[in-house]
Amino acid sequence: MMNDYADVIEKYGADEPSIEYCLKVLNGEIIAGEKIEFAVVRHMSDLQKNIRDDDYEYVYKPKLVTKILKFSSLLKDVSTGENFKLVSFQKFILSQLVGWWHVDGTVKYKYSYISMGRSQGKSQILSVYLMFQLLFSKGISKDIGLGALDSEHSKVLYRYMSYNFELLEKGLFSSLFKELGVEFNKQEMRVTATSSVLNRFSAKSTPTDSRHFTLFVADEAMLLTTKDKDWLDSVTSGQTGLPNSQFIAITTAQSNPQSRIFFERYQEYSKAIELNNFDDYERDLFLVWEQDSDDEMMTDDFDLWIKSNPLLELESIKQSRISGLKIERQKNINSGSSEFMVKSMNRFVLNGATDESFTTPELIEKAKVKKIPDNVISNVYVGLDLSKTGDNTAISTLYVKPDGHYYVDSYSFIPTYQQDHDISKKSDHDNIDYLQAEKSGRAYIATGDGIIDEDEVINWLVNHIQKLQEKYTVTFLYDSWGVDYIADSIDKALPNLIMLPVKQTTPYMSPPSIFTQQLLVENKLHFVTDDNVLESALLNARVTKNDYGIKVVKDTYSNKIDNLYSTLIAMFEAQYSLKDYSNNKDDSFFAGMNQQQIDNYYKEYKF
């Protein structure tokens, strides 16, 4: 294979940093996955086209590569304080970003996707590129952005830059920084001589509508979901008219259950590589260090793990890193988590569970049924999770079969006042199709002022419970906080209803949460296929642990789990439906009787 590129080696030299890495991969000195093998062959073939084809539109500038690599040698490693020494794969990344240009003078790679396992220095290497661009790239009024889902996820990369800017300002570049007018703080870096600026952005809190970025780096890009699309579109649309703009996404694989914006792009690139036809993406850079198959997680040939952990090229850290990876692998095997596969092997486990996930999408899919069966026991449980501010109000009805299978039938009241009374905006924000839920008879969408009317909830509950009481003994369970009006109203309307308030604290909610998890594992919890709101709640739910048990939570405010929570409230009592135990301490004579049973008692009683 090396002989195939003899003309490239002759022109640029085998020790040119990008070629050196490519040759190590091609001769097997560095083990690489299929996507990196494709990338190095692409680079070498493009260099060859540059030599052999006078009409080839792109040129490679090794002097620019040398310049940025020399700049990197002046910087410090944030974690050790020692001089930053680039590994060959890091040099390869920088060579692709800065070395390739179109003959018209514009940068070749307008869009870059760079991914590898966690803790491989991807943020540090991009900090080198950002600093280099801010200080030394041609042009004035450069507008550079560093963005992420939230400020926390951009903090690490920005910290690398501010740490090194401070050292350069006090040392080697003290006079240069004064000449350029370099200023920086926790949110911004500025070069007054060129009217250039670098800012931090968050998809959650900082709009980008009016900006036209010459360079934008999205850190941990795979965390961005469809509800962040407008924010991301404002970034890329602002770059459209700039001939030399670049967008760079750096990330590690994710098992986030929400729709992931960049996963679709990853799939497109992967398909093009599979077909060996990347012509449609000639100005896109795709560098992904990942294992080629899930089976490689379980390998005993740990040298293969360099495919997703390219820092294993460093002999000085190789053994300690592999030891750490083996420990993490065993922990994840023991817990049944996909975290190691996703974060360390950089493999996508679509909608897979993490250590903190309430359940897995596979178990959720198995839980779906076409309808609630008829052969259920006489006790039915209705749980209410009342809306707080912009949350949905959720109601779950639990049916139990004698064989221990549980069936959930849920309903939602959807407020719209926080999204300008626009249900489409609400659906986009929560990533749930509420119009479909309404069409399926599973949701009521608030009209008028967009606020949920508690009287609407009361009327729905009373009608629902009255119908249930015609056939079943109903227990109504509810969050004891802030439900006084609804509870009192239902008590007056249905005086013989069994009502049970449930405290929302871990000692109370942990047992039904664990019980529900176990039902899912055993495929004994079911819900109807069209209940998309409950399905989303199950996907969104996470758990935290403390001394009292587990607590069900969500990652972000927009990740709705209300319908799961109303299910857990109902499960507080339903978990004992087939046992001789109850949380209901009502010891009155009529406890547990429905209205018909009470009526029959009096009809049969003779004076």
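The largest cavity comes out at about 50 Å³. Before I go on, this is a predicted model, where local features need pLDDT of at least 70, side-chain atom pairs count only at pLDDT 80 or more, and totals for chains, interfaces and linings use all residues. Residues are numbered from 1 along each chain as its sequence is written, and side-chain values use heavy atoms, with hydrogens and water left out.

What do I mean by a cavity? On a 1 Å grid over the protein atoms alone, a cavity is a set of points where a 1.4 Å probe fits but cannot get out, while a pocket is an open set with protein on both sides within 12 Å along at least five of seven lines; lining residues have an atom within 4 Å of a point. Grid points are joined across faces, edges and corners, and a volume is the space filled by probe spheres set on the points.

So, how many cavities of 30 Å³ or more does the structure hold? Five. Around the largest cavity you'll find F38, A39, R42, H43, F92, Q96, Y109, L285, F286 and L287. The elements giving two or more residues to that lining are α3 (34-52), α5 (88-99) and β10 (284-288); helices (H or I, at least four residues) and strands (E, at least two) are DSSP runs, numbered from the N terminus. α3 gives the most, with four residues. By class, that lining has seven nonpolar, two polar and one charged, counting Ala, Val, Leu, Ile, Met, Phe, Trp, Tyr, Cys and Pro as nonpolar, Asp, Glu, Lys and Arg as charged, and the others, Gly among them, as polar.

Now the second largest pocket, with a volume of about 790 Å³. It has 30 lining residues, and S119, Q120, G121, Q124 and L311 are the closest to its centre. Two or more residues each come from α6 (122-136), α7 (151-170) and α11 (315-335). Here the classes are eight nonpolar, 13 polar and nine charged.

Staying with α7, look at the loop between α7 and α8 (174-180), where F173 sits. Is F173 buried or exposed? Buried, at a relative accessible area of 12%; the cut-offs are under 20% for buried and over 50% for exposed, with partly exposed in between (1.4 Å probe, protein chains only). Leaving out residues up to four places away in sequence, F173 touches F71, L74, F136 and L168, where contact means heavy atoms within 4.5 Å. F173 and L74 are 99 residues apart in sequence, yet 9.9 Å apart in space, C-alpha to C-alpha.

On to strands. In β18 (residues 525-528), L525 and F527 point one way, H526 and V528 the other, and all are buried. β11 (residues 368-369) runs parallel to β18, joined by two bridges; strands pair if DSSP finds at least two bridges between them. K368 has F527 as its bridge partner. β14 (residues 406-414) also pairs with β18 in the parallel sense, over three bridges, and there Y407 is partnered with H526.

Last, helix α14 (residues 423-430). Its buried residues are I423, K426, S427 and D430. They lie on the same side of α14, because they cover an arc of only 100° around the axis, taking directions from the helix axis to the C-beta atoms. These residues pack against β14, α15 (434-439) and β15 (443-445).
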